[in-house]
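Colleague: I have a model open and would like to learn how to read it. Please take me through it step by step.

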Amino acid sequence: MDTGLLVVVVLTALAFDFTNGFHDTGNAMATSIATGALKPRFAVALSGVLNLVGAFLSLSVAATIASGIVEQDVVTLPVVFAGLVGGIVWNLATWYLGIPSSSSHALIGGLVGSVLAAAGTSGVVWSGLASKVIVPALVAPVAAALVASLGTWLVYRITRDVPERNRTRDFRWGQIGSASLVSLAHGTNDAQKTMGIILLALIAGGAVPEGSGVPLWVVFACGLAIALGTYLGGWRVIRTLGKGLVEIQPPQGMAAETSSAAVILLSSHFGYPLSTTHVASGSILGSGLGRGDTVRWNVAGRLVSAWVITLPAAGAVGALAYVVQHALGGGLGDGVVLVALVAASAGFWWAARRKPVRHDNVNDEWDLEVPASQPVTTA
Amino acid sequence: MSSYVDWSALGQVVLASVLVGAGLPALFALGLRGVFQAEGRIEGHDAHGESDAALAPPRRVLGTVTAAVCFVVVLAAVVGGIVLIVRS
């Protein structure tokens, strides 16, 4: 068995987990950062720690990420590797554009693409893809927006005779608590997906026997990778969620995060898991509707169009990675794809530095500047 | 299409989410309002139900009881949420 490739796949999976962390920090913390309930750097640190704790809380569904979506017998190490490359590249592209898009969709898209390239259309369970991925993606933002708008409306209705100043200050506690719960749930759900990928790779590579549980070092490594990524803070995405969609006040932020936490936890409880990102974006938008505030529909439109192309785009990258791997063959193919992945990541990082979003400018007024997606060439 | 959608799971998720996800913020708001009520920090109302600038007199017992009940339910729900995460 190819030990070198197995090591590369495990490291790539951890790299994906890391991008999953910083891409999704905003799901939990964007509203608390935008309202000033938490200092930006404290918020990402808190979220990172809670993601780490969350990774250890539950280990039951680790191996199920791609089951029922792709045929398990076509999932080989090269297929997993190409799929991860697709997921990482799409996560970095959307991070660069400041778009909160689903990391799970990126990963599934990448895997589906590499399976298509490796085994053709028969390798994909299309009904599973529709019922487990596409339908939930349509439901999540709408359901979350409904819940959050109702919650926000109720909150403002109930506290309409409370003077504005008091309302703003004391709601921050509810906001911090609900955001923490979202972070915890994120660590549990998303770190497990990477654990599942690594377990698949270890089994496919013959390192552990079939049917074995997740080794403890995998739990540690995945928890740590997602926590570090979260702590790094995907400021570009945080900015879009916290400032771009709607202007957020503390009561509204609390309603949005409680809606996110409730929808995420209840949907996985009923065996119908929804994307954290889709839920969080829908909740924030809904909270704006519930307060009767202006929603920047052009921003919302950009998010939705990115969500629509996430699966095919990550799939295209995954398929391309597999084709290159396969055409060159063996260690050379793996090496070339790995170098391309590192180069692409460095490219996105370099491009992002030309117009950086950091903890100190994440809350700047939205309308005063060129959106982060349009780099200023003169800078 | 219908074979791709588990309507009963979907209905349960949406119904439970609306109850919990919108109900908890409302309870928290009611609890906070109770605190303000107990401390006499709520705006009064004139005969037409319009709020006026003067603060209403404190209603200590009513406010405190409302706040206590609401916050206990909210805390219980948060603990329930963590249990849900651990047992998932």
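Colleague: How much of chain A counts as buried?

Modeller: Buried means under 20% relative accessible area, exposed means over 50%, and partly exposed lies in between, with a 1.4 Å probe and protein chains only. By that cut-off, 60% of the 379 residues of chain A are buried, while in chain B the share is 32% of 88 residues. This is a predicted model, where local features need pLDDT of at least 70 and side-chain atom pairs count only at pLDDT 80 or more, whereas totals for chains, interfaces and linings use all residues. Residues are numbered from 1 along each chain as its sequence is written, chains are lettered from A and ligands numbered from 1 in the order in which they are written, and side-chain values use heavy atoms, with hydrogens and water left out.

Colleague: How many helices and strands are there in chain A?

Modeller: Helices (H or I, at least four residues) and strands (E, at least two) are DSSP runs, numbered from the N terminus. Chain A has 12 helices and 0 strands. Its radius of gyration is 20 Å, close to the 21 Å of the globule rule for 379 residues, so chain A is as compact as a globular protein of that length. That radius is taken over C-alpha atoms, and the rule is 2.2 Å times the number of residues to the power 0.38. Along its principal axes, the C-alpha trace of chain A spans about 70 × 50 × 35 Å.

Colleague: And which pattern does chain B follow?

Modeller: Chain B reads α-β-β-α along the sequence, with 2 helices and 2 strands.

Colleague: What share of the contacts in chain A joins residues 24 or more positions apart?

Modeller: Contact means heavy atoms within 4.5 Å. Counting contacts with a separation of 6 or more, residues 24 or more positions apart account for 85% in chain A. For chain B, 46% of the contacts between residues at least 6 apart in sequence join residues at least 24 apart.

Colleague: How is the size of an interface given?

Modeller: It is often given as the accessible area lost when the parts come together. Here buried area is that loss with a 1.4 Å probe, summed over both parts. Between chain A and chain B it is about 3300 Å², and carbon and sulfur atoms give 79% of it.

Colleague: Which residues in chain A lose the most area to chain B?

Modeller: They are A:Ile158, A:Asp161 and A:Phe270, together 18% of what that side buries. As for contacts, 43 residues of chain A touch 36 residues of chain B.

Terms used. Buried area = accessible area lost by both parts, 1.4 Å probe.
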